Amino acid sequence: MLKNTTKPLFVLVISLFAFSAASIRSSAQTVKSQIQRMSGWESCTVCAGINAAGPKATISTNAGVSSPSLSGNSRMFYLASSAPYADALWWKQLGAANGATHLKYDLDFYLKAPQNAQALEFDSNQANGKMRWIFGTECNIGAGHWDVWGNAQGNWISTGIPCKMPSAYKWHHLTWEFKRTATTLTYVAFTLDGVKHYVNRTYTAKKSSVNELNVAFQMDNRANHVAYNTWLDNVKLTYW
């Protein structure tokens with residue numbers, strides 16, 4: 001009888017411990033949600049190109065879009081240029097978080113004319129006054145694969161994971177998971193429309209004197225430089 005009652009008690013203790021540990025992890029996380037609704041988004045065009053010297057472009061963004069939207073308040077991004085392969089970068093500063101070593105960037109995106117996009121870039125940037133970690137990722141539609149930014153190497157690196165042209169008139173859900181040490185960063189994995197891919201690529205960070213944490217989104221034009229829009233919704237950054 002004692003043998004039968006001891007085993008359930010042992011399981012109960014383990015279960016309570018696991019629940020407590022999960023609660024601590026959850027409470028230690030900081031979540032910035034509905035970032036697309038926030039004011040103060042910054043942008044650039046020329047700086048978004050190769051060697052920060054890309055073609056000039058006409059861009060705009062505005063929040064409060066009810067359709068297309070999942071939350072009822074998406075943000076629209078627009079890119080147009082008379083030059084081929086123009087780029088536009090937007091970012092939203094969220095305040096420094098120097099102690100965070102894990103980040104999860106989560107969002108929904110929507111296009112009506114994905115055939116006009118050369119690449120879509122989804123980034124988060126962190127700096128603590130000593131080092132800068134650029135969690136740079138892109139769906140390189142033109143080349144057909146996912147790329148990550150090499151940080152100190154200063155170049156895009158193919159993961160070998162395919163990235164097909166997103167379907168038009170459809171919301172796509174993307175989650176990127178990152179982690180870092182004092183001097184390196186790792187692209188852990190991403191999940192697109194419910195399919196998870198492990199990347200596990202680690203690169204050396206760069207030195208920096210700034211303190212910041214932000215999320216960023218970039219649109220790239222194709223050679224035919226046809227204008228197009230992208231909508232983002234439910235943009236969220238979780239870090240701990």
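Visitor: Which strand is Thr191 found in?
Guide: Quick heads-up: this is a predicted model. If you look for Thr191 in it, the strand you land on is β12.

Visitor: Is Thr191 buried or exposed?
Guide: The relative accessible area of Thr191 comes out at 19%. The cut-off for burial is under 20%. Because 19% falls under that cut-off, Thr191 counts as buried.

Visitor: Which residues does Thr191 touch, not counting those up to four places away in sequence?
Guide: Leave out the residues up to four places away in sequence and look at what remains around Thr191. The contacts are then His173, Leu174, Thr175 and Lys196.

Visitor: How much can I trust the chain, going by pLDDT?
Guide: Watch out for residues 1-24, where pLDDT stays under 50 and the model has 0 contacts beyond four places in sequence. Over the protein chain, 89% of the residues score at least 70. The average pLDDT is 91.

Visitor: What volume does the largest pocket have, and which element gives the most to its lining?
Guide: The space in the largest pocket is about 780 Å³. Two or more lining residues come from each of β5, β7, β8 and β15. With 6 residues, the one that gives the most is β15.

Visitor: Which residues lie nearest the centre of the largest pocket, and how does its lining split by class?
Guide: There are 30 lining residues, with Ala48, Gly49, Glu121, Trp156 and Gln218 nearest the centre.

Visitor: What about the second largest pocket: what is its volume, and which class makeup does its lining have?
Guide: Its volume is about 290 Å³. Of the 17 residues lining it, Pro162, Cys163, Lys164, Leu192 and Asp193 are the closest to the centre. Strands β10, β12 and β13 each give two or more residues to that lining. By class it has 11 nonpolar, 3 polar and 3 charged residues.

Visitor: Which residues make up the covered face of β10?
Guide: Set aside the uncovered face first: Trp156, Ser158, Gly160 and Pro162. The covered face is then Ile157, Thr159 and Ile161.

Visitor: Which residue in β10 is the bridge partner of Val148?
Guide: Strands β9 and β10 run antiparallel and are joined by 4 bridges. The hairpin they form has 6 residues between the strands, and Asn151 there takes a positive phi near 60°. As for Val148, its bridge partner in β10 is Ile157.

Note on methods:
Residues numbered from 1 in each chain as written. Predicted model: local features only at pLDDT ≥ 70, side-chain atom pairs only at ≥ 80, totals over all residues. Heavy atoms only, no water. 1 Å grid on protein atoms, 1.4 Å probe; cavity = no way out; pocket = protein on both sides within 12 Å on 5 of 7 lines; lining within 4 Å. Points joined across faces, edges and corners; volume = space filled by probe spheres on them. Nonpolar A, V, L, I, M, F, W, Y, C, P; charged D, E, K, R; others polar. pLDDT = per-residue confidence, 0-100. Contact = heavy atoms within 4.5 Å. Buried < 20%, exposed > 50% of the residue type's maximum accessible area, 1.4 Å probe, protein only. Pairing = 2+ DSSP bridges.
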